[in-house]
Amino acid sequence: MKSRVANPYIPNSVPEVKAEMLREVGAASADELYASMIPDRLLFKGRLDLPGSIPSEHDLRRHVAAILGRDKTCGEFLSFLGGGCWNHFVPRVCDEIAGRSEFLTAYAGGYYSDLGRFQANWEFQSLICELVGMEVSGLPTYDWGSAAGNAVRMASRLTGRREVLVPAYMSPARLSVVSNFCNPTEMPGAIKVQRVACDPETGTLDIEDLKKRLGHETACVYFENPGYLGAIEDRGDEIAEMAHGAGAEVVVGVDPISLGVLAPPSDYGADIVCGEVQPLGVHMSAGGGLAGFIASRDEERYVAEYPLRLISVTGTVVEGEYGFGQAKYGRTSYMAREKAKDWVGTTTALHGIIAAVYMSLLGPEGMREVGEAILQKSHYAAGRLSEIDGVEARFPVFFKEFPLNIDGAGKTWRRVNKALLRRGIFGGKDISREFPELGQSALTCVTEVHSQADIDRFAAELEAILR
Amino acid sequence: MTGVKVRPYHAAVWSEPLIHELGRSGERGVILPEVEEGVRKRVGKPESLVPKRMRRRERPGLPELSQPQALRHWLRLSQMTLGMETDIDLGVGTCTMKYSPKVNEELAAMIAGVHPDQPEETMQGLLEVAWRFANVYLREISGMDAFTFQPPGGSAGAFNNAAIMRKYHEQNGELGQRDEIITTIFSHPCDAACPATAGFKVVTLYPDEETGVPSVEALKAAVSKRTAGIFVTNPEDTGIFNGRIDEWTKIVHEAGGLCAYDQANLNAVMGVTRAREAGFDMSFFNLHKTFSSPHGSSGPGSGAVGVTDELGEYLPVPVIVRRGEGYHLDYDRPKSIGRVRDFLGNLQVVVRAYAWAAAMGADGLREAAEVSMINNQYLSKRMAEVPGVTKPYGGRRLDQARWSLEKLKAETGCGINDVNRRVVDYGVQSFFTSHHPWVVPEPFTPEPCETYSKADIDYWVAVLKRVCEEAYEDPEVLKKAPHNSSIHAVDAAPLDDPDRWAMSWRAYRRKMKK
């Protein structure tokens, strides 16, 4: 039975108003109007078969909270999960701005009504450019993988070449996203993805294998800093030199929270930088917190290949007043449809604004401190855990994450993680299927949020389980 | 409409400096967690943990601000943004600027601390919400059989569907031959751009002058052995419903192609007409439009995809499945397209959509659709009072209509861009015009969804009427607009000039020699 109470989200659900509106437009009913626009054979007959409505806000809150309340979070459990989505400290001011009605609910308004949004977007670009050492960035895209996919396609268009070299230790999920951007070989313009071997001792690229694979069809060499498995690629300058020597572009994927302590990719020869924004103040939200960025030098040929919305600062008719607008907008799919540079759409602008707030709160010293804290705590954990019999942290040079190998203990991470779970701990991600060559390893992530006591507790519990 | 008085308005004018111009060396907005002495002693100095050539030599050029000063800056920027909740935002059509219930923000925040790789048993609630929203709500609303929330926006949903189309023809050994997709010019640009990115050639159909949609004959002439499929929005961005859409899907199927529906905006047809009965193989639905999740200044959104049973095996991994009483992530799907995004998509958006749909129920969803549609009929009627406005193509429109200011432009010299600069002086969000090309000259596309009251619509029309009257009285008022905004008319020339555009503070400083 239809409720006689008006729906609080629908003002014109008041029966008298609805009737008045129908009278105004000269129709007896909504059905009559629908029938004038949609043929009868396409009209859905009857009522949708759905559970009863929960119109009261209080009841709805109870209903949904009862379902979601069963879940555990990385606040309740001690978590060492990372691998593309990381548990970092989120300043309260980031939440405050993320929840501002204006930013939360704006969408496609222009720069006169939404000046603040345009300026915030531009400031995101400005701040991320400072971290990576570039001069151009745009509104963020969906995630690191999509950003890498776009960057690889930019490189292919720039060089007219059809091969991309990626590290064998790249995240398989991210590689899958990139591969979908590169198209199957049957298709015109397809980009062939080749994996370059990685050194199983260091986790970094095998330079000899790279040399072998580089050729006149290589559009770009893509590598990451830190890599998916945490290794710091310290031969970036050599890799870039080799790639440039072969006429290829250099695309570097980064975790920007490392850039207060790690050299910016521009220092070692990157042409295009991409990466993940989520560590910069965005909650994980079960992976919903992701946002990818792309940056490059300010050269017209690079700018021309961006699919993203690029916000530029400009002036107005009033001297000294800042205005903003979209640069070289004709590139985008909104203007050029299938002739556009890939596509642009609703992506992750709010996450970009949150990241801008984060960078402005930390400043250069805060970015250095958070990087140092992650380095120290993750290395402390690697050392502490490696004291356990049969346990070894792989890769000596890393940031935030490392494969924790337990081959020597004769157990599987599948079972160990189950035991840890019973003790209130999410162990690292079991990567024994993704990278069998690394044996029983779990990608173990330690950030600034972990205390020494957390790490010691993890070590003690792991030791007890393996004993 | 007599008695509707347009009220004076002025936007916030903070003349706010750029963030890099604020603060002072040494200021700090937040302190990081402590690194304990035991940790520091054991691992030594942080720089010793980074190879020399990978150490950052110069600190990043970020500004330094204390917390109140930083907060003030971002709050001022938010105040100079006309959010959907503070204005009558029905001018941003095709986007369904509907109200996002506040309680849903609280529910979405419950998953903030969840990591996507947590053991399944620790996120059964979240998986249940996602599974139920897909397999109870979207299934019934669309008639599709299997779903994914991995595409994090509408266009990503279109790309996902292009990837499915690609995989399907690849599996059948026909990908080499089937390299064309067909779309219509009034379908969203993503229906052309995403298949093109996926490697397809794109054939675009133009509307019949009378009906406003391409004819069945035009489609018949376009299909061939090269047809991989179609991507169409319906109702199209003009608000016109293609009533022969089931004939279209039949023609494409007979030619061996697949049919992908763009139902990003499903708002006026929920419970009224479905993808299934129209004969589609797959469709995407924007949860940040029809299903109330806020637009977030342009994301995060969700382009939820539904497909028929036949295509279920192609969905990206993982797929959320129910076995017995439990919910699981199924990765074992050999024909899957792989991934279009990392992890599971924007699940916080799915939580909001579920909460909204659960609150509404079948009657509420139908009510939202009906009221949206009736609101648009009412707006159309009121529009007759606005001078200089015309509506190309005959007939009623569902959720929105594409209008034209061609007449106003011819008679006053003021077109949509002038009107758009002026409406903001009255506290009304500038209109969504139309994507390009402007097949309808000087276009705009209001969408008065169920959020807006009769009084809201009357007020919005009164503002537009006032602005168009001004165009006839004194076009300079529009030409020099905005007058009551946060800023004045922008110099657009640098935006396409490599010597003057500046996408960052670094570039700006260099180019302006600051």
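# Sheets, domains and a chain contact

Student: Hi! Which sense do strand 11 and strand 12 of chain A pair in, and over how many bridges?

Tutor: Strand 11 of chain A and strand 12 of chain A run antiparallel, pairing over two bridges. Strands (E, at least two residues) and helices (H or I, at least four) are DSSP runs numbered from the N terminus, and two strands pair if DSSP finds at least two bridges between them. This is a predicted model, where local features need pLDDT of at least 70 and side-chain atom pairs count only at pLDDT 80 or more, while totals for chains, interfaces and linings use all residues. Residues are numbered from 1 along each chain as its sequence is written, with chains lettered from A and ligands numbered from 1 in the order in which they are written.

Student: What's the bridge partner of Ala393(A)?

Tutor: Ala393(A) is bridged to Leu404(A), in strand 12 of chain A.

Student: And what order do the strands of that open sheet have?

Tutor: The order is 11-12-15-14 in chain A, four strands with antiparallel pairing. Strand 11 (392-393) and strand 14 (429-430) of chain A are the edge strands, each pairing on one side only.

Student: New topic: what domains does the assignment give chain A?

Tutor: Domain 1 (11-46 + 54-59), domain 2 (78-86 + 366-466) and domain 3 (92-358). Such bounds come from an automatic or database domain assignment.

Student: How many residues do domain 2 and domain 3 of chain A put into their contact?

Tutor: Domain 2 of chain A gives 23 residues and domain 3 of chain A gives 27. Two residues are in contact if their C-beta atoms, placed from the backbone, lie within 7 Å.

Student: Which element gives the most on the domain 2 side?

Tutor: Helix 13 of chain A, with six residues. By class, that side of domain 2 of chain A has 14 nonpolar, three polar and six charged residues. Here Ala, Val, Leu, Ile, Met, Phe, Trp, Tyr, Cys and Pro count as nonpolar, Asp, Glu, Lys and Arg as charged, and the others, Gly among them, as polar.

Student: Last one: which residues are buried in helix 14 of chain B?

Tutor: In helix 14 (residues 505-512) of chain B, Trp505(B), Arg506(B), Ala507(B) and Tyr508(B) are buried. Buried means that 20 or more other C-beta atoms, placed from the backbone, lie within 10 Å of a residue's own. Their cover includes helix 6 (115-132), strand 2 (136-137) and strand 9 (311-315) of chain A.

Methods
Buried ≥ 20, exposed ≤ 12 C-beta atoms within 10 Å, placed from the backbone.
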